[in-house]
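Let's take a walk through this one together. Have the sequence and the fold side by side, and we'll stop at a few spots along the way.

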Amino acid sequence: MKKTNLIWLLSASSVLLTACNDGSDGKAGLNGTDGVNGLSSLVLQSKLNAGNTHCWLGGVQVDSGLDKDRNGLLDSSEVTQTSYLCNPDNFASSGVSLPYSVLRNDLENGAIPGSTFEIRNGGYGSDLDGHPSNPMQFYALTDRGPNAVFSGAQGSGKMFPVPDYTPRIGLFEIHAGGTISLVKNILLKDRAGNPISGLPNSSALGGTGETPYDAHGEVIRVDMNQPYDALTNPIKTDDYGLDSEGLVAMSDGTFWVSDEYGPHIVHYSADGVEIDRINAFPEDERIHFQLPAEFANRWANRGMEGLTVTPDEKTLVGIMQSSLDNPSKNRTDLTRIVTINLETGVQAQYLYKQEKGSNSNSAIKALSATQFLVLERDGAFFNSTPSAMKHVYKIDLSNATNLESITDTGFNNARCGTRTDGFG
């Protein structure tokens, strides 16, 4: 009996273990219930045209995400990741020449006897500003036109081989392939719509004292068919003439231009006709607002080299190229920045301390109401002077001393704008 019971118990245990088989013995278990299919991952590629915020020369935008509504389309709400494949920036490694026209090509080339040379209208280098609404276009400004140092019968001055040259603003367009084309020229004109010249102003309006000569060495006079006479046929000047340097393109299509002669700050229509003018000469009936008188004491050909406007377009900001001759010829490393509220005319002056007294400020661009980029340079060229200095500084005027708020006590302590960053 005992032996029989033991055999029966072992048999029962074997049956019980078999009934609890989980497949670990190598035999397949029972199939479970099918789950829900997973979501598909979708990728969408979109072409980006030139001027795009992320790829300014164009490219491809790649969006990806899960197809949550299972419609086979990647909806905007389903995008979880975006990347960009931008066309190569051809301007990063090499410059691109701006197009030009030939003004004349008949002057003898003294370096190569028997040959002539071209005088080109391609000097759109005084300043430039981006188009307010088209990221692929920009405006660039010429100066007073071709000229060279020259001394003639009426003393030292400048030779103007194209004396009727009109300073102008060029509208240029950047193409995705890396080329730049000239869309149009906007000639600067007086209030009657007549093209101005680059000839110096009269002495009453900040003339530089430079005697203008033509390509033949003759003094440029009112009537070129008659001999020079100080009273009846004097040297020709142009009180609308500009040695243009700074440029601001406004969102309404108009322009502000600063120059080195007065210095003058002139407002032009979209077609280049003068609308308004700001300078330091109270006798000039054309001005709406007057600059502080000391700006009339700028060094010749070292006037208001840079001009910008705050992002709200309410305040013009100009920077002088060099220190002022105020009151004597004492060249320093302190130059001036002036701000002009275009609605009220309220102005402020600030000091800008250069790295070296012989440097020049070439441009200023507003980042905010108080922060600006300033281009400061020396007169050297990299090909001959590797240590040549061409730096861009970020400055902040928020804690600088407004010179207009200082009472003259013979000596004052003024704080310059804060230099927050710089690179060259």
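**A buried glutamate, a sheet, a hairpin and a disulfide**

Start at E245, which sits in strand β13, the stretch covering residues 244–249. Keep in mind that we're looking at a predicted model. E245 is buried, and yet it has no salt bridge. Which side chain of opposite charge is nearest to E245? That would be R144, and it is 7.0 Å away. A salt bridge would need a side-chain nitrogen within 4 Å of a carboxyl oxygen. So what does E245 touch, once its neighbours within four places in sequence are left aside? Its contacts include S126, D127, L141 and D143, along with S258, D259 and E260. M304 and E305 are also among them.

Now zoom out to the sheet that β13 belongs to. Five strands line up in the order β13-β14-β15-β16-β17, making an open sheet with mixed pairing.

Next, move along to β22 (residues 360–366). Why can we call this strand largely enclosed by the rest of the structure? Because 5 of its 7 residues are buried. β22 pairs with β23 (residues 371–377) in the antiparallel sense, over 6 bridges. The two strands make a hairpin, with 4 residues between them. For a landmark here, take K365, whose bridge partner in β23 is L373.

Last stop: the cysteines. The structure holds 1 disulfide, and it joins C55 to C86 with an S to S distance of 1.9 Å. This pair ties together distant parts of the chain, 31 residues apart: C55 is in the loop between β1 (41–48) and β2 (59–66), while C86 belongs to strand β3 (residues 79–86). Is the disulfide left-handed or right-handed? The torsion about the S-S bond is about -65°, so the disulfide is left-handed. The two ends also fall into separate accessibility classes: C55 has 2% relative accessibility and therefore counts as buried, whereas C86, at 41%, counts as partly exposed.

Conventions. Residues are numbered from 1 along each chain as its sequence is written. This is a predicted model: local features need pLDDT of at least 70, side-chain atom pairs count only at pLDDT 80 or more; totals for chains, interfaces and linings use all residues. Side-chain values use heavy atoms; hydrogens and water are left out. Buried means under 20% relative accessible area, exposed over 50%, partly exposed in between (1.4 Å probe, protein chains only). Two strands pair if DSSP finds at least two bridges between them. Lys and Arg count as positive and Asp and Glu as negative; His and the chain ends are not counted. Contact means heavy atoms within 4.5 Å. A disulfide is a pair of cysteine sulfur atoms within 2.5 Å.
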